[in-house]
Amino acid sequence: MGIFSRRQTALSEPTPAAGTGASVAEATPRAAGLDPALRALTGRWTIDRPHSRIGFSVRHAMVTTVRGAFTEYDSTLHFDGARPSESRADLVIRVASVDTGVEQRDAHIIGPDFFDARHYPEMAFRSTSTLHEGGETFRMTGDLTIRDITRPIDLQLDYLGSVLDPFGYERAGFDGTTTIDRTEWGLVYNQRLKTGGAMVSEKVRLQFDISAIRSTS
């Protein structure tokens with residue numbers, strides 16, 4: 001997913017506006033703050049499902065929060081340590097793999113009222129750009145497709161570090177979040193409460209807890 005693009009965009013350098021008199025050195029102070037270790041991460045990566053979570057949370061009945069995750073997905077990640085803006089990521093999720101811990105609720109979510117998995121079995125995220133916002137934080141812009149509706153979203157992404165684990169796998173960790181209005185993707189089902197408000201909030205928080213492993217092929 002564009003997850004790797006975000007952390008790398010520290011090298012995305014703003015261009016001085018004509019007539020401002022700003023020098024290149026003045027316009028690119030954040031590039032110097034990019035962790036040099038990120039250059040060593042150049043290459044192809046995949047998300048390690050057992051140690052990652054592609055999840056969401058949404059307010060229910062105005063008083064509690066329902067949390068869930070998608071357990072089946074494919075990822076293609078490429079990180080360019082020399083040119084972070086060239087990094088890219090794609091994530092394709094099978095919506096029928098949703099798991100909220102309640103089978104009846106899961107069946108409703110993948111039914112016609114929400115994802116309609118029979119007609120739209122997959123949702124996808126594809127990164128388009130990345131910006132270093134300072135420190136360990138990046139913002140990645142990408143296209144989110146649900147029910148064949150594609151709209152841009154921004155993700156806040158925090159780089160958590162990299163390590164060689166006891167099994168010899170090189171790992172890199174990222175934590176990404178964003179909040180969307182589900183109705184913009186055709187997920188408009190709801191029930192109104194007698195006391196006011198909606199049974200299911202239109203605002204949904206998406207969460208990407210990523211442990212990525214370097215590909216050897």
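This is a predicted model: local features need pLDDT of at least 70, side-chain atom pairs count only at pLDDT 80 or more; totals for chains, interfaces and linings use all residues.

Guide: Residues are numbered from 1 along each chain as its sequence is written, and side-chain values use heavy atoms, with hydrogens and water left out.

Visitor: Where do I start? How many helices and strands does the protein chain have?
Guide: Helices (H or I, at least four residues) and strands (E, at least two) are DSSP runs, numbered from the N terminus. Here the protein chain has three helices and 11 strands. Along the sequence they follow the pattern α-α-β-β-β-β-β-β-α-β-β-β-β-β.

Visitor: What percentage of the residues count as buried?
Guide: Buried means under 20% relative accessible area, exposed means over 50%, and partly exposed lies in between, using a 1.4 Å probe and protein chains only. Of the 217 residues in the protein chain, 44% count as buried. Accessible areas come from the Shrake-Rupley method with a 1.4 Å probe, and for residues only the protein chains shown count as cover. The accessible surface of the chain comes to about 11,400 Å², and 51% of that belongs to carbon and sulfur atoms.

Visitor: What can contacts say about the fold?
Guide: A contact means heavy atoms within 4.5 Å. Among contacts in the protein chain between residues at least 6 apart in sequence, 63% join residues at least 24 apart. For one example, the C-alpha atoms of I210 and I47 are 6.5 Å apart in space and 163 residues apart in sequence. I210 lies in strand 11, and I210 is buried, with a relative accessible area of 5%.

Visitor: And R44, is it buried or partly exposed?
Guide: R44 is partly exposed, at 42% relative accessible area. R44 sits in strand 1 (residues 43-47), and its C-alpha atom is 7.6 Å from that of T76, 32 residues apart along the chain.

Visitor: Which residues in the largest nonpolar core touch the most other members?
Guide: A nonpolar core is a set of buried Ala, Val, Leu, Ile, Met, Phe, Trp, Tyr and Cys residues joined through side-chain atoms within 4.5 Å. The largest one has 41 residues, and F70, F115, M123 and L144 touch the most other members. Strand 11 (residues 200-214) provides the largest share of this core, six residues. Leaving out residues up to four places away in sequence, F115 touches F70, V95, I109, I110, Y120, M123, I146, R147 and L187.

Visitor: How do I find empty space?
Guide: Rolling a probe the size of a water molecule over the atoms shows where empty space is left. On a 1 Å grid over the protein atoms alone, a cavity is a set of points where a 1.4 Å probe fits but cannot get out; a pocket is an open set with protein on both sides within 12 Å along at least five of seven lines, and lining residues have an atom within 4 Å of a point. Grid points are joined across faces, edges and corners, and a volume is the space filled by probe spheres set on the points.

Visitor: What does the search find for cavities?
Guide: The whole structure has one cavity of 30 Å³ or more. The largest cavity holds about 100 Å³ of space. Its lining has 13 residues, with I54, I93, M123, L206 and F208 closest to the centre. Nonpolar here covers Ala, Val, Leu, Ile, Met, Phe, Trp, Tyr, Cys and Pro; Asp, Glu, Lys and Arg are charged, and the others, Gly among them, are polar. By class, the cavity lining has 11 nonpolar, two polar and no charged residues.

Visitor: Which residues lie nearest the centre of the largest pocket?
Guide: They are F56, V58, I109, F114 and V200, among 25 lining residues. The largest pocket has a volume of about 500 Å³, and its lining divides into 17 nonpolar, five polar and three charged residues.

Visitor: What about the backbone?
Guide: Most residues other than glycine have a negative phi. D116 has a positive phi, near 50 degrees, in the loop between helix 3 and strand 7. R147 also has a positive phi near 50 degrees, and R147 counts as buried at 19% relative accessibility.
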